[in-house]
Amino acid sequence: MSLVFPHTFVPWFRSVAPYIHAYHGKTFVIGMAGELIAAGKLSAFAQDLSILHAMGIKLVLVHGFRPQVTEQLNAKGHPSRFSHGKRITDPVALDCAQEAAGQLRFEIEAAFSQGLPNTPMANATVRVVSGNFLTARPVGIVDGVDFMHSGVVRKVDSPTIRRAIDIGALVLLSPFGFSPTGEAFNLTMEDVATQTAIALQADKLLFITEVPGIHEDRDDPESPIDTELALADAKRMLAALPTPTQPTDTAFYLQHCIRACEGGVERSHILPFAVDGALLREVFTHDGIGTMVVDEKLESLREATSDDVGGVLQLIEPFERDGTLVKRSRTEIERDIQLYTVIEHDGIIFGCAALYPYPEARTAEMAALTISPQVQGQGDGERILKRVEQRARTQGLDSIFVLTTRTMHWFIKRGFVQVDPDWLPEARKRKYNWDRRSQVLVKKLA
């Protein structure tokens, strides 16, 4: 083992632990585009899903088969016909869809049956369950176009799916549904995944797609991916976009993410299958890799409560260990937790600061200002500073001050000025550690 490896692996694994705790027992519905399988990425994707399964996440996998059906039709010399972004399923196309679905189900089950040593699937036990969980109805005739055997989801047998995933099975859904009379309908993966996520009230709906997400600049495909969209912003964007006709259109997956969030799904994601490990990066890192649509902004700037003591301790402990912060005991933090402001993202605390008032001197100390290394440089420090300043103003204080040994320039750039330690309020001066030689910086509040 490399001598460097423990120094990178251990901090990384600890940083992932909060997500493991947060998602254990949660339900994820994953819509997998057929293009992923056509690109030869099924084996690696199954390995990533098996990791989520091993961590106690309940999984429902919905596969698409758009390119596979097209390939079958081409082999038979039969044209593929689409309208309104949906396939027109004539009898020949229905036969091709049934053949493609059977083949893909076989390949997916085989992928989850791997168990070679020295692979992520070693010692994995992922039992795949599938069946007639979907009731469908025909699309019918739209704008004069008869969609024949194309359908939409009418009902999802969520109680049976729930029982299956509760006992540890992975439920696999093909984009097929049946009418009460036994007639088969070709559905879309996106409709099945969305309706299933709503029926289960899943914690996440994730589309693994041929697109990287939604770009910040819709007209520039080279612009960065917008990693988080509030539902209201997503709806405004969708209203301004043209009606999608193919999966690469911006609105194609976005419309389903919006529908899922409106139906009670907490978060919906659009991820690129072209990026290796995209699913793991989206689930287990702060910013993820694709676009996430949420009913409200996940990042919350608020005052701390007693439930946040553990998160604050975990955040500041590495900085206490390297001497950046003065060490504080758990008892001290529990006692003073109401003085802390925190930034929480998706249930995990990534930043904090405490405000200790000295009302007799009309000032207060801002202490333990900490931002997780994972998100430094994104402006969270300034957001906490502004919130702390606001708290100080509401208490009628004229200034705030900090004691620091390493970050003096950061504070000076934000309006603090250096003063002599004798400036400190008498109560704080008695606790000043002259051996530490901390710089004292003060900011006047307007």
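Is Gln201 buried, exposed or partly exposed, and at what relative accessibility? Gln201 counts as partly exposed because its relative accessibility is 42%, where buried means under 20% relative accessible area, exposed over 50%, and partly exposed in between (1.4 Å probe, protein chains only). The model is predicted, so to speak from the start: local features need pLDDT of at least 70, side-chain atom pairs count only at pLDDT 80 or more, and totals for chains, interfaces and linings use all residues. Residues are numbered from 1 along each chain as its sequence is written, and side-chain values use heavy atoms, with hydrogens and water left out.

Now for the chain as a whole. It has 15 helices and 23 strands; helices (H or I, at least four residues) and strands (E, at least two) are DSSP runs, numbered from the N terminus. Along the principal axes, the C-alpha atoms fill a box of roughly 90 × 50 × 40 Å. Of the 446 residues in the chain, 49% are buried. The accessible surface comes to about 21300 Å², and 52% of that belongs to carbon and sulfur atoms, with areas taken from the Shrake-Rupley method with a 1.4 Å probe, where for residues only the protein chains shown count as cover. Take the contacts (heavy atoms within 4.5 Å) between residues at least 6 apart in sequence: 70% of them join residues at least 24 apart.

Next come the helix pairs. Two packed helices are described by the angle between their axes and the distance between the axes. The axes are lines fitted to C-alpha atoms, for helices over the stretch in contact, and angles run from 0 to 180 degrees between N-to-C directions. Angles under 35 degrees count as roughly parallel, over 145 as roughly antiparallel, 65 to 115 as roughly perpendicular and the rest as oblique.

Helix H4 (residues 66-75) packs on helix H5 (residues 91-111) at about 125 degrees, with the axes 9 Å apart, and the two are therefore oblique to each other. H4 passes H5 in a right-handed crossing; a crossing is right-handed if the near helix is turned clockwise from the far one by less than a right angle, and left-handed if anticlockwise. On the H4 side the contact is made by Gln68, Val69, Gln72 and Leu73, while H5 brings residues including Val92, Cys96, Glu99 and Leu104. By class, this contact of H4 with H5 has 8 nonpolar, 2 polar and 1 charged residues. Here Ala, Val, Leu, Ile, Met, Phe, Trp, Tyr, Cys and Pro count as nonpolar, Asp, Glu, Lys and Arg as charged, and the others, Gly among them, as polar.

Helix H6 (residues 158-166) and helix H7 (residues 189-200) meet at about 80 degrees with axes 10 Å apart, which makes H6 roughly perpendicular to H7. Ser158, Ile161 and Arg162 of H6 touch Thr196, Ala199 and Leu200 of H7.

Helix H8 (residues 231-240) and helix H9 (residues 250-262) pack at about 140 degrees, again with a stated axis distance of 10 Å, so H8 is oblique to H9. The crossing of H8 and H9 is left-handed.

Back to the loops. Gln201 sits between H7 and strand E13 (204-209), and its phi is near 50 degrees, a positive value in a residue other than glycine. Arg362, in the loop between strand E19 (348-358) and strand E20 (363-371), has a phi near 55 degrees and is partly exposed, at 43%.
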